Every structure is written in C-alpha cells, then in structure tokens.
Amino acid sequence: MKKKATNSRKKQKKEIELPTPKLHKDDDISASDIDEDDMVVEQHDDGVDSASDVSSDADQPFTDDFLHGSDDEDNVVDDDDQEKGSDSDSESDGSDIEKKSKAIDAKKALEEQEAKDEMLINIKEQDDDFRLLTPQQLKEEAQGPPDLPRLQRRIKEIVRVLSNFKTLRQEGASRKDYVNQLTMDLSSYYGYNDYLIEVLVEMFPAVELVELIEAFEKPRPMCLRTNTLKARRRDLAGILLNRGVNLDPLSKWSKVGLVVYDSQVPIGATPEYMAGFYMLQSASSFLPVMALAPQEKERVVDMAAAPGGKTTYVAALMKNSGVIFANEMKEKRLKSLTANLSRMGVTNTVVCNYDGRELPKVLGQNSADRVLLDAPCSGTGVISKDESVKTSKSLEDIQSCCHLQKELILAAIDMVDANSKSGGYIVYSTCSIMVAENEAVIDYALKKRDVKLVPCGLDFGRPGFTNYREQRFHPSLEKTRRFYPHVHNMDGFFVAKLKKMSNSRAAPAPTAEQPEGVDEVIEPTESVIKKNVEDKVVHHRKHESTTREKVQPNNGVAENGKDEKTFSGKKRKERKRFSRDEISKSREEKRAALRTAAKGKSFSKEKKVAKKAQTTE
Ligand SMILES: C[S@@+](CC[C@H](N)C(=O)[O-])C[C@H]1O[C@@H](n2cnc3c(N)ncnc32)[C@H](O)[C@@H]1O
C-alpha cells in the first residue's frame with residue numbers, strides 16, 4: 001500500500017531498515033585511494049559480491065516515499081516513441097513523485113519571482129538618471145584599479161535600460177553604446193577575455209546574459225548516478241542517508257540520479273562508492289546517454305569515453321549485454337576509464353585507444369547499432385567547474401575544436417549501420433554552448449551524410465538554434481537540445497540525435513551553399529593517416545599507440561579533455577572562394593581564348609590546305 005509522499009528525509013532515515021553492503025575486512029578505504037580528477041578508485045573487487053546482494057534484495061520493506069518506485073531503466077525512451085515525441089519517462093513517474101516535484105517547482109518558481117521582484121525594486125530605487133560615461137570619464141576610470149561595486153551597479157543599470165530601451169535610453173545614445181559599455185563592464189567584473197564575452201553578448205539578451213554569467217559563478221549541485229548493475233536507487237539513498245549524506249532524487253526525468261546537498265562523509269570515498277554502487281556525475285552528463293537509449297544486446301561505440309561516466313551508464317542500460325567499444329585517444333586517460341569500468345562491474349566493454357577519426361577503419365563501416373560522440377570541446381558550458389575557460393579560449397581554439405568535431409561526427413555516422421534492426425542512431429553532445437561546436441557541426445553532418453535529426457527524447461531543454469546571426473541552419477535543428485545553468489541548473493550542454501537513413505556515404509539532396517563560418521573539412525578517411533590499425537584494440541589494458549602520435553602533432557592538449565586541439569597541426573591549404581562575377585569573367589576569358597585558339601587552328605588549317613593545294617597543283 002502506498003503511503004503519502006510527504007515524509008521528510010529525517011523521517012525516512014528513521015523508518016528505513018537499510019541493508020549495509022558486506023565489506024571485506026580489507027575494505028578500510030581512505031580518500032587517498034581516489035584519483036581526484038576523475039573520482040577514480042583503484043579496483044576493489046570485493047565490493048562486487050556484496051553489491052549484488054543489495055540489488056537482489058527485492059523484498060526489502062522500504063517506506064513508500066519519494067525514493068520508492070522501480071529503478072528499472074524504463075526511463076529510456078523507445079526510439080519510436082521519441083519520433084512521436086512522446087515521453088514515456090515522465091509518464092511512468094508515480095503520481096506522488098510528480099506531486100512532490102510540482103510542489104518543489106512551484107516553491108522554486110515563487111522564490112525566483114520574489115528574488116526578481118526584489119531586484120526590480122532595488123533597481124527602481126536607484127538613480128533613474130543613469131548616464132553612460134563620456135570617453136574622458138572612461139579614460140580616467142581605466143587609469144585606476146577596477147571599482148567592483150561601481151561596475152556591478154553599472155551592469156545593473158545598463159541591463160535595466162536595455163530591457164526598456166525606448167523609455168529609459170539617454171538621449172543621443174544608441175543601443176550599441178549601452179551594449180559596448182556592458183560588454184566592457186562584464187569582462188572587467190567577471191574576468192572574461194574580449195573574445196568570449198563578445199560571443200556571449202551576441203548570443204543572449206542582456207538580462208539573460210547576466211543571469212547566465214552569474215550562474216557560471218556558482219557551482220552546480222553535486223549529483224550521483226546509481227549503478228543499476230549493482231544497486232537500486234532507493235537502497236543506495238537509504239544507505240547514504242544513514243551515513244549522513246543529505247540527498248534527494250535528482251529530478252523527475254531521471255530514475256537513477258540523486259542530488260547531494262551536503263554530506264558528513266567524503267562522497268567520493270564511501271564504501272558504496274568504492275563498491276561501484278554509484279558514479280559521481282553531473283546532471284547534464286546523464287542526458288546524452290538517455291538520448292542514445294542503448295538497447296540490450298546491441299553493438300555500441302563510445303568514441304570519446306574517458307573517464308567513463310557515460311560508458312558505465314550505457315553498460316547499465318544494456319544490462320551488461322551486447323558489446324560497447326569504449327574508445328579514448330589519450331592514453332593517459334585510459335587508466336581512469338578502465339578503473340571506472342572495473343569498479344562499476346562493467347563486463348561488456350572493449351577499451352580502445354585510437355584517434356576517433358580512425359575508428360570506422362578499425363571497427364568497420366556500418367557496423368554499429370548506435371554511436372555516442374561526447375565530443376572533445378571548448379568547455380564553455382562548464383565555466384563554473386573550470387574558470388580558466390573565461391580567459392583561455394580564443395577564436396582559433398573554437399575553430400580547431402569544431403574542425404575536429406566535424407571530422408569525428410562523420411566518422412561516427414560512418415560506423416553506424418542504417419539497417420540496424422534496433423538502432424541506427426548517433427548521439428552528439430558537447431559541454432560547450434558555442435554554436436560553432438554544436439548546431440554548425442550537426443548542420444554540416446546533415447549536408448555530408450544521409451542522416452536526419454530526430455527528437456532527443458528529453459522533455460526539457462531549449463531547442464537548438466536554426467538561425468544564428470547570419471547563419472541559417474536546417475530547420476530540423478530545433479530538435480536538438482541546449483541546456484543552461486541559469487535555466488536548468490546544470491552545466492551548459494548540447495545534445496543532438498541523428499538517425500542514419502542509408503549506408504550511402506553521399507549527402508542526401510544538394511543543399512544551399514555552406515553558411516558562412518562553416519568551413520570545409522576533408523573527410524576522416526582522407527584526413528587521417530592511413531595505417532594498419534587492426535591490432536590496436538585492447539581489452540582493459542594499457543598499450544602503446546604509434547598512429548595517434550603521427551596523426552596528432554597536438555598543440556597543448558588539456559588534461560581534462562575539454563580543449564583538445566587534436567586535429568592535424570598541418571594547415572590545409574584553404575581553397576579560395578570566387579564570386580559569381582569572378583567565375584563568369586574567368587569562364588568568358590577561357591571561352592575567348594578557346595575561340596582565338598580555334599580561329600588560329602582553322603586559320604593554320606586553311607593555310608595548310610591552301611599550301612597542299614598549291615603543291616598538288
Ligand atoms: C568530453 S570528454 C569525454 C567524457 C566522457 N564521455 C565521459 O562521459 O566520461 C572528451 C574526451 O575525448 C578525448 N578525445 C580528444 N580527441 C579525441 C579524438 N580525436 N578521438 C577520440 N577521443 C578524443 C579526450 O581525451 C577526452 O577524454
């Protein structure tokens with residue numbers, strides 16, 4: 001019988017009789033066992049048996065609170081359902097969970113509204129006669145150290161004016177004057193380089209931009225994903241609650257996620273962590289795997305896998321059946337990948353160490369049911385985790401990222417079998433918010449291969465851009481999803497799901513000219529050094545890769561894998577583009593030259609004939 005979902009967490013602690021995992025006496029695990037970067041733990045296989053005890057303990061009497069309910073992976077939306085735009089995930093939520101979520105949402109909305117109202121009152125109370133600085137004042141200001149409270153006030157004032165420009169504008173000042181001042185102030189106050197702040201200013205309206213930048217200043221909630229190969233969420237939640245971890249279900253869209261508010265124990269060093277009951281994982285990184293919706297017994301490729309957050313989720317959804325090829329180009333990162341696979345009890349995965357662009361040659365074209373490309377990117381969506389992105393990214397960085405991403409996505413498509421009975425899908429994701437790394441890459445793939453965009457099966461997230469400044473993307477780009485910290489309280493993220501329509505490598509119908517800014521790339525098979533790579537697949541073991549070194553001159557690869565400038569350092573000769581006029585002029589010249597040549601020929605022919613005639617005579 002179901003109880004009401006109003007039990008407090010404290011009450012749950014009392015009521016829940018929780019199984020504790022059996023731990024080996026050597027399982028005196030300390031935080032020092034953990035590789036902090038990837039939350040990797042050296043393998044503690046002892047935990048595996050005890051874990052299966054917990055997961056098989058189906059009859060344990062738990063209270064019927066928000067943690068109750070099936071942890072079955074029915075959150076995975078069937079591809080057919082996705083095509084119809086249905087949402088089996090949210091439909092299958094219990095009504096008690098839904099009520100609670102709604103109440104939380106309503107409370108949150110109320111608090112947000114109150115905060116907004118308060119901000120508006122504060123702004124209104126400020127001087128209504130805000131005036132932009134004169135060039136002289138700006139010069140003087142630039143000579144002193146930055147006056148942060150003043151900058152903050154001015155940012156608020158400019159945002160206020162821009163939100164009601166007609167009424168509040170200063171006479172003679174244009175919108176551009178305000179935007180320019182705002183750009184400068186945001187850059188000084190929050191410490192962004194000119195390039196990045198200008199891109200952000202172009203992407204978002206002023207009010208939203210400030211919300212986004214403010215959200216980047218705060219950490220996102222810590223989340224964990226229950227490893228359903230070993231545990232059930234409600235069991236895990238109970239154990240952790242008893243250890244003094246204050247947590248809640250992540251959200252209605254996930255049946256395996258938990259959000260951690262605070263903890264009396266290091267959450268990456270609990271016995272349950274060591275035993276592989278869960279993965280510490282940002283909420284956003286659940287999404288591409290949910291979109292991929294891998295099915296049991298399939299053949300799946302994870303092209304850029306380390307440290308394995310998504311691979312281990314894929315394996316759990318596949319219930320360790322079928323096969324996953326988990327590829328990682330950076331040899332150093334293989335350690336974290338294999339350690340996580342072992343800790344989480346993943347047994348259906350082959351680890352490989354290639355440049356992802358080589359994979360179609362290694363694993364075979366049209367050989368996979370699904371491919372996940374969680375692409376190396378600029379990391380502009382995860383500024384709250386890595387502040388250095390604010391100052392380290394340049395136009396060149398973004399260009400090199402998107403160049404590599406375009407090569408990788410074609411390789412991803414080439415590996416998928418369009419005739420797969422259960423699949424035929426490619427999911428592309430990045431933790432970047434740049435259009436060049438997201439919509440432009442997908443638009444490029446749509447032009448180069450016979451693929452179409454399908455819904456991601458996620459019932460939230462903003463639609464991707466179909467128009468961005470002068471760029472026009474395929475209208476179906478609205479099926480892609482963007483996630484933002486200020487809107488969704490998760491890292492900035494992008495997810496797209498493609499269905500391969502045929503195994504032909506040709507593009508479908510010829511489309512309009514490549515939009516500006518979308519550069520041509522040589523396709524993977526041509527751009528990647530051809531080499532005998534057959535013997536390079538490894539199963540959970542370290543190994544040498546010579547090919548990669550030759551392919552990757554690599555200018556400053558970041559350890560975190562977010563800013564990999566990995567495509568060949570050799571600059572390809574850029575093809576000069578000619579205007580229509582130039583082309584027709586050159587054609588005209590060619591024709592004229594041919595005519596002259598033809599005339600000359602016939603003239604000399606005539607001469608020859610005449611000469612011959614003379615001789616004959
Ligand atoms: C965003 S991270 C992947 C995170 C991973 N999917 C997870 O969920 O744990 C991108 C990864 O791509 C790897 N990488 C960079 N260039 C690559 C390439 N050309 N081929 C394959 N992997 C590459 C990086 O080393 C990095 O580990």
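Start by selecting helices H19 and H20: H19 passes H20 in a right-handed crossing, meaning that the near helix is turned clockwise from the far one by less than a right angle. Helices (H or I, at least four residues) and strands (E, at least two) are DSSP runs, numbered from the N terminus. You are looking at a predicted model, where local features need pLDDT of at least 70, side-chain atom pairs count only at pLDDT 80 or more, and totals for chains, interfaces and linings use all residues. Residues are numbered from 1 along each chain as its sequence is written.

**Stop 1: the helix pair.** The axes of H19 and H20 come within 9 Å and cross at roughly 45°; these axes are lines fitted to C-alpha atoms over the stretch in contact, with angles running from 0 to 180 degrees between N-to-C directions. The two helices are therefore oblique to each other, the class left over once angles under 35 degrees (roughly parallel), over 145 (roughly antiparallel) and 65 to 115 (roughly perpendicular) are set aside. To show the contact, select Cys-402, Gln-405, Lys-406, Ile-409, Leu-410 and Ile-413 on H19, then Ala-440, Val-441, Tyr-444, Ala-445 and Lys-448 on H20. Contact here means C-beta atoms, placed from the backbone, within 7 Å.

**Stop 2: Ile-413.** Stay on helix H19 and centre on Ile-413. Ile-413 counts as buried, with 26 C-beta neighbours inside 10 Å (buried is 20 or more other C-beta atoms within 10 Å, exposed 12 or fewer, partly exposed in between). Beyond four places in sequence, Ile-413 is in contact with Ile-426, Ala-445, Arg-449, Val-451, Leu-498 and Lys-500.

**Stop 3: around H20.** Now select residues 439-448. Eight of the 10 residues of H20 are buried, so this helix is largely enclosed by the rest of the structure. What covers those buried residues includes helix H19 (395-415) and strands S11 (425-430), S12 (451-454) and S17 (493-500).

**Stop 4: the annotated site.** An unreviewed UniProt entry places a "binding site" feature at positions including Ala-305 and Gly-309; such annotations may be inferred rather than shown by experiment. Ala-305 is found in the loop between strand S7 (299-302) and helix H15 (309-317). Ala-305 is buried, with 30 other C-beta atoms within 10 Å. Finish on Gly-309, in helix H15, which is buried with 23 C-beta neighbours inside 10 Å.

How values were computed. Contact = placed C-beta atoms within 7 Å.
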